[in-house]
Structures are given as C-alpha cells and as structure tokens.
Amino acid sequence: ACPYCLRVRATIWRLGLNIDGRNVLTDPAARVELISGGASTMVPGLKIRKEDSIHWMYESADIVRYLQSVAVYV
C-alpha cells in the first residue's frame, strides 16, 4: 500500500527487470536484512551488489533513476 513502493514496483515491471521483492511486514528475515544492511526500516529499499560491495538505496525517486540507468545494460 506504500505509494513509494508501488512506484518502484511499477518501474521494475515496466522495465521488465528480474528483481526479487520482499515484504518486511510478513518476512522477519527480510526486515532483519533491511535493518542490518542500512540501519533503517525505511521502504522501499534496494540492495545493490557490485563485485565485493553492497550498497543500499532508499529514496524511491533515486531507485527509479538507478533502475532506468541500469536497465539499458540488462
């Protein structure tokens, strides 16, 4: 029901990206991962893995821009 999550999910669908979604309200492990990764319960949260590093992104507009930029290479 979160409008920011819906914005990100719509972008993932529109771009045809294969990204696993997790619900922190129904999946305790996903909530722990979100908190431990970025020390925040803010959603949406995008976990970005690049080689040996992990980066978390939380602002929906930033996530949408990032997804649009990487969708060119997928």
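Guide: What follows sets some values beside the definitions they are judged by. This is a predicted model, where local features need pLDDT of at least 70 and side-chain atom pairs count only at pLDDT 80 or more, while totals for chains, interfaces and linings use all residues. Residues are numbered from 1 along each chain as its sequence is written, and side-chain values use heavy atoms, with hydrogens and water left out.

Visitor: Why is S60 called buried?

Guide: Buried means under 20% relative accessible area, exposed over 50%, and partly exposed in between, with a 1.4 Å probe and protein chains only. S60 has a relative accessible area of 6%, so it is buried. Its place is in helix α3; helices are DSSP runs of H or I with at least four residues, strands are runs of E with at least two, and both are numbered from the N terminus.

Visitor: Which residues is S60 in contact with, leaving aside its neighbours within four places in sequence?

Guide: They are Y4, R7, V8 and P44, where contact means heavy atoms within 4.5 Å.

Visitor: What makes L17 count as buried?

Guide: L17 has 16% relative accessibility, and therefore counts as buried. You will find L17 in the loop between α1 and α2. Its C-alpha atom is separated by 8.5 Å from that of L67, 50 residues apart along the chain.

Visitor: How do you know that E33 forms a salt bridge with K47?

Guide: The rule asks for a side-chain nitrogen of Lys or Arg within 4 Å of a carboxyl oxygen of Asp or Glu. For E33 and K47 the closest N and O atoms are 2.5 Å apart, and the pair forms a salt bridge. It links distant parts of the chain, with E33 in helix α2 and K47 in strand β1, 14 residues apart.

Visitor: Why does E33 count as partly exposed?

Guide: Because its relative accessibility is 27%, E33 counts as partly exposed. K47, at 28%, therefore counts as partly exposed too.

Visitor: How many salt bridges are there by this rule?

Guide: The count comes to 2. D62 forms one with R65, the closest N and O atoms being 2.5 Å apart. D62 and R65 both lie in helix α3, 3 residues apart, about one turn of the helix.

Visitor: And what makes D62 partly exposed?

Guide: D62 has a relative accessible area of 33%, so it is partly exposed.
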